[in-house]
Number of protein chains: 2
Amino acid sequence: MASGAEPGVLGLVRRGHEERILALLRARGPLSRAEIARLSGLSRSTLSDIVGALQERGAVVTTTAAATGRRAPGRPAELITLNPAAGRTLGMDFGHRRVHVAVADAAQRVAATGTRSYARSTPWARRVRVACALVESFRVDLGPLTGVGVGVTGPVPRGRDGRPGGAAREVAEAVGEHFGVPVAADNNTRLAALAEAARGAGAGSSDLVYVRLSDGVGGGIVADGRLLRGADGTAGEIGHVPVDAAGPPCGCGGRGCLETYASIPAVLDASGGDDLPGALAALEAGDAAARAAFERAGRALGLVLAGVCNTVAPERIVVGGELAAAGGALLGPAEEALRRHALPMVRGDLRLSPAALGPGAGALGAIALVAHDSPLLAGYPFLMAGGTPV
Amino acid sequence: MASGAEPGVLGLVRRGHEERILALLRARGPLSRAEIARLSGLSRSTLSDIVGALQERGAVVTTTAAATGRRAPGRPAELITLNPAAGRTLGMDFGHRRVHVAVADAAQRVAATGTRSYARSTPWARRVRVACALVESFRVDLGPLTGVGVGVTGPVPRGRDGRPGGAAREVAEAVGEHFGVPVAADNNTRLAALAEAARGAGAGSSDLVYVRLSDGVGGGIVADGRLLRGADGTAGEIGHVPVDAAGPPCGCGGRGCLETYASIPAVLDASGGDDLPGALAALEAGDAAARAAFERAGRALGLVLAGVCNTVAPERIVVGGELAAAGGALLGPAEEALRRHALPMVRGDLRLSPAALGPGAGALGAIALVAHDSPLLAGYPFLMAGGTPV
C-alpha cells in the first residue's frame, strides 16, 4: 500500500503494474520472474522494482520450484508467490441500526462474519466500539492485519485527493486508531453493489445497476466494468432520482425522490403498517392497503430505473434490501413500469434480479475495497492510513 | 488498427500499449527505443512487437537524431516518430436534415469543414452520396486516408463484438465502400459529447453530462474519464428519461420522456410557433406563450438532469443543440429545477454550460472516434473495416 503514496500518474501506473502482477499470481499460482516478465510485458528493471515493493510489504514471497512441486529442469528457479501468511482483511458495514463485520484471509476467503444491533441514535464513536468488540468476540487470530474496509450510511463525498468527508472520515479514523492499519471507506450501499457485481447476483456483468430498498434507498452503478464514483464520490444515489416533481418532500431537501416511495418508511406510511414484517404479513393476507403501497413503491422504482437504464444502459439490474422480500408484489409493477418507460433497445430482456448476498453484502464489499482486489475498483484509489490516503 | 483484431484481454492490453507509445510520441516528439522502453516500462521484446506493428500500418516511422536536430553523442541513434505523412481522417455527422463533414490531418488539426442540407425524408444511401460529394468539393488532397468516423441520428445498438446495427451499419458500409478505408460509427450526439468533453466546453472534466436539445433530445456521459457506452452501446439516451409517467406519448413508445418537453417540436407545439427562429423571436418580443413553452422545457430539463446527476455525479453539465439559443429563458428554469431536485452534495456549484463547438461538434467527435485519439475512448473498440470491427 505504501506504493500508492507515489503521487499522480506515475503512482497510478505503478499501482496498475502491482495489480497486474498480483492478478497473475492469483490466476496462475507461483511464477518465475521470467514468466511474470513475459506475461506482463514489463521490463526486468520495472519488474524488479515492483516485486521488491510487493515483497517489502509482505504481499508476495519467494519460494522454489521444488517447494511448489513444479518440475524444474536445470538450475532451481526462484518463484514468486502470493504470501500465504499475509494478513487478514476486515470489512465493517455500519448501517442505521446494526453493524455487519466479516474477516477474510489473504486469499479473500471469508473466515468469520457477525452482526450486532444498536439504536439508530447511537453516535459513530460508539458504533465503532460495538464493531471492535464484535471482532474480538470472533476469537480468530487476525495475524498481521492488512487493512480494514468500512461502509457507512449516507453519501460519502470526497475530494480529488481521495479523502472522504463527514461520517466516513470520523469512522475511518476511529477504526484506524483501534487497529493501527490503513482504512478504506465508502458508502455502504455502493460497497454492497461492489460485492453483488463482483461475486453476487451481478457476477460477470460489466454494466450493472444495483438498488437497495431499505430504511433509505441507495444504489451503485457498474459501467464498462468499473464501479462509478462520480466527480465527488457520490455517484449512484438512485434513491434521490425524482419520481414526481410535485411528490412528497424528501429528507434530502428535494421532492418526490424515489426514497419517498420505495423505502421501508414510505411503504409503512402508505400501508398504515407498524413495521416491515407486519406489512409483509398484511400483503400475504391480501390486505388491499398493503398491496397498494407495494405497488406504488414498485411503479416508482420501475419509472426511476427506466430513466437510469436509458442513461447508463446496463445489462443487469439487481434489487437488494429488506423491501425486496415483497417479491412480485413490488417487482412485478416495477418491471411493468420499466418496460413502459425504458427504450426498447435499452431494456432488451432486462429483468430485476434479487440480490444474492443478503445483508452481509456491504461488509464483503468493504473487504474487496481494502484489498483493492476487484477490477471494478480501477479508478478507486481510496485507501487511507490515519486519515491520509495511501 | 490490425492489432485491434486480436481478441479478448490480450488484444486490449496490446491496444493499451500502442496507445501509450503513441501518446508518448505525441507528448515528447521523436524518441529512441531505449527512451520509449524507459518511459513506458515495457520490455524490449514487447516494445519491438508493438513498434513493428505501428510501423507496418504507417502510424510511426524511424528517423535519426541528426534529422531531428537532436544532439547525439556517439553512435547515431535511430529515433521513432509519428509519421508526418500518415493519412488524414474524415468525420461525417449525418443529422436529420443536414450532414456536417470535417477533414483532419495526421496531427488532428482540422483542414476543412462543410455542411450540406437534405430533406428529412432522404434515404441513408442518398445522404452518403451528398456527403461524399461535399468532401470532393473541398478540393483537399486526402492523401492516404486513415479512416472515416461517422455519426448517425438515433441510438446505435451494438453487440459484444462491437458491430453496430441499424442505420449506423448501413451508412458505415456505404462510406467504407466509397473510400475503401475502415469506418467507425456511433450515435452523432454521443460524438458531439465526445468532442465537447475532449476539446469543447467540458475540456478537462473527467465527469460530465452532455445533453443536446434539437429535433430530438440526446446526450452523452463521461464518467471517470471515459465516454460511457453501456452494455449494448446505447448509454446516454437522456432524451428518454421520463419527466412525468403520465406525460405526453413519445415516439420511443414511452410516455412523458424529456424529448416530449424539451425538443424543438415540443416547444413549437407548446408555444404555437411555426419554426424555432419564429419562437425565439416571439420569446424576444415578450410573447407569453413562447416564454411559458421555454420555461416548461427548462423545468423538465432540470428535473431530468437532477436525476441524472444524482445517478452519475458529474462535475459539469454541457447543454448543446439549437434550443440552447433560448439562453436564460430555458436555462434559468432548468438550473432552478436542478437546484431543487439534485442532492446538495452532488449539485455543489454545478451550472449549465452552453456547448462550445456548435453544430460541427459531431463531425469533430467522429474524427476523434476514428483516430481513437482521446483517452475518453478507452473501452470503445469501435473501428470497423467493411462491416467488421478491426
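Reply: Happy to. This is a predicted model, in which local features need pLDDT of at least 70, side-chain atom pairs count only at pLDDT 80 or more, and totals for chains, interfaces and linings use all residues. Residues are numbered from 1 along each chain as its sequence is written, chains are lettered from A and ligands numbered from 1 in the order in which they are written, and side-chain values use heavy atoms, with hydrogens and water left out.

Let's start with the sheet itself. In chain A, 5 strands make an open sheet with mixed pairing, and their order is β11-β10-β9-β12-β13. Strands here are DSSP runs of E with at least two residues, helices are runs of H or I with at least four, and the numbering starts at the N terminus. Two strands pair if DSSP finds at least two bridges between them. At the edges of this chain A sheet stand β11 (226–227) and β13 (352–354); each has a single partner strand, so one side of each has no neighbour in the sheet.

Now look at one pairing in detail. Strand β9 of chain A covers residues 208–213, strand β12 of chain A covers residues 316–320, and the two pair in the parallel sense over 5 bridges. As background, strands of a sheet pair through backbone hydrogen bonds, either parallel or antiparallel.

Next come the helices. Helix α7 of chain A (residues 188–199) lies across β9, β10 (217–223), β11 and β12 of chain A, and runs at about 130° to β9(A). Helix α11 of chain A (residues 288–312) also packs on the sheet: it touches β9, β10, β12 and β13 of chain A, and its direction makes about 155° with that of β9(A). These angles run from 0 to 180 degrees between N-to-C directions, with axes fitted to C-alpha atoms, for helices over the stretch in contact. Contact means heavy atoms within 4.5 Å.

One further helix, α12 of chain A (residues 328–341), deserves a look. Its buried residues pack against β9, α10 (276–284), α11, β12, α13 (344–347) and β13 of chain A. Among those buried residues are A:Leu330, A:Leu331, A:Pro333, A:Glu335 and A:His341. Buried means under 20% relative accessible area, exposed over 50% and partly exposed in between, with a 1.4 Å probe and protein chains only. The length of α12(A) fits too: its 14 residues should span 20 Å at 1.5 Å a residue, and the end C-alpha atoms are 19 Å apart, which agrees. The expected span is 1.5 Å times one less than the number of residues.

Finally, visit two loops. Most residues other than glycine have a negative phi. A:Asp224, in the loop between β10 and β11 of chain A, has a phi near 50°, a positive value. This A:Asp224 is buried, with a relative accessible area of 15%. In the loop between α11 and β12 of chain A sits A:Ala313, which has a positive phi of about 50° although it is not a glycine. A:Ala313 is buried as well, at a relative accessible area of 1%.
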